[in-house]
Amino acid sequence: MVGQWRKEDDEKVVIRCYNDLRDRIQMECVEKSCEIGNDQTFLFTDTLGDPICRIRNTPIFTMLVADVGTKLVGCIQGSVKPVKFHDKSVNVGYVLGLRVVPPYRRCGIGSILVRKLEEWFVSHNVDYAYMATEKDNEASLGLFVGTLGYTVFRNPAILVNPVNPGRDLKLPSGIGIRKLKMEEAASWYRTHVAPTTDFFPDDIDTILGNKLSMGTWVAYYNNNDKINSWAILSVWNSSKVFKLRIGKAPLSYVLLTKVCNLLGRFLPFFGLTALPDLFTPFGFYFLYGVHAEGPLCGKLVRALCDHVNNMAASDDGGVCKVLVVEVDGENNGDDDSMKRFVPHWKMLSCDDDTWCIKPLKCEEKMTDLSEFNDMFWKSKSRSLFVDPRDV
């Protein structure tokens, strides 16, 4: 696959599939030159020696790279999976990991990489392509929304809570928590969650049975016959896939870390959660399939999150330092918004995640693009299921 990346230059960009033996060293250089962050904070990713670790657990995946001469100057990753969308089974393609090294930006290489990946999606029977970025990432939104025809679909919130390594969090005595068998969890999700959400994975059994999925738990009140409330979530061990590290951080975070750790050590009766050291590589648990029903379900969600905190504090030798949950950030005045129930630190969390989507082969079947837009505006009222393989 070949494309012209700048008309005034004689060099061409060649798009090809990633070759681990040939490209791994250059890929490490590309990743280091494209670290995520701004002038204050940089988030470094350690892929543990596997550049395609974030897509390896999906049914179908690929990584394309861009060569200019003998130099690898860019890359993009994509995965394909079956989902339920408005009660229909469709295939969706997830776009992630778009990287172009700084000296070769603003030359059209990013557009070429995305278009070539979209061609690969179409060849694998994909109906919709989607991607995630930050709402203030003008370059990314300008490319995907402004140039490539994507539509902003959702604005979720990423909630992060530090794991408390010092002590177990006390769970309410009136709440019961039970781990479900895999088949039971799959049935529960299909019955209660799939009808309320879009892009629910058709292969939920595969996700729950993956070695990275630690299990599914349901919480309920011991006198549930009267209260009729329950909550459910599953846990994905992202620590086994890749690790993160903060390269820079606001002074306020550094000072708060020191104060909390000092007070937590010498004055434990304050009950402060010790902030973890996020300046060395750390792992995290991703909580997915978070769903609750009933008039008093909020306390059940919190109890489940505290239960996972206790698991993380005692497992993996302290590798897992934070819990991450992604929920719908648009509560539209709803007092029962999941964001209210999930414990999180505002300083570590962010509300600016932005999902964008584009019809591919199904675009030919729609006589009016407004039909597509109307479909997704209606979807905003439905709940959010985040596939842990997209993290």
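Contact means heavy atoms within 4.5 Å. Keep that in mind with the whole protein on screen. Among contacts between residues at least 6 apart in sequence, 78% join residues at least 24 apart.

This is a predicted model, in which local features need pLDDT of at least 70, side-chain atom pairs count only at pLDDT 80 or more, and totals for chains, interfaces and linings use all residues. Residues are numbered from 1 along each chain as its sequence is written, and side-chain values use heavy atoms, leaving out hydrogens and water.

**Stop 1: the whole chain.** Switch to cartoon view. The protein has 10 helices and 18 strands (DSSP runs numbered from the N terminus: H or I of at least four residues for helices, E of at least two for strands). Of its 391 residues, 50% count as buried (under 20% relative accessible area, 1.4 Å probe, protein chains only).

**Stop 2: two helices.** Select residues 109-123, helix α2, and residues 138-147, helix α3. They pack at about 55 degrees, with axes 11 Å apart (axes are lines fitted to C-alpha atoms over the stretch in contact; angles run from 0 to 180 degrees between N-to-C directions). Now show side chains. On α2, pick Gly-110, Ser-111, Val-114 and Arg-115. On α3, pick Leu-143, Phe-144 and Thr-147. These residues make the contact.

**Stop 3: the cores.** A nonpolar core is a set of buried Ala, Val, Leu, Ile, Met, Phe, Trp, Tyr and Cys residues joined through side-chain atoms within 4.5 Å. Select Ile-109, Phe-121 and Tyr-150: they have the most contacts inside the largest core, which has 85 residues. Next, select Trp-217, Leu-300, Met-311 and Leu-323. They are among the 31 residues of a second, separate core.
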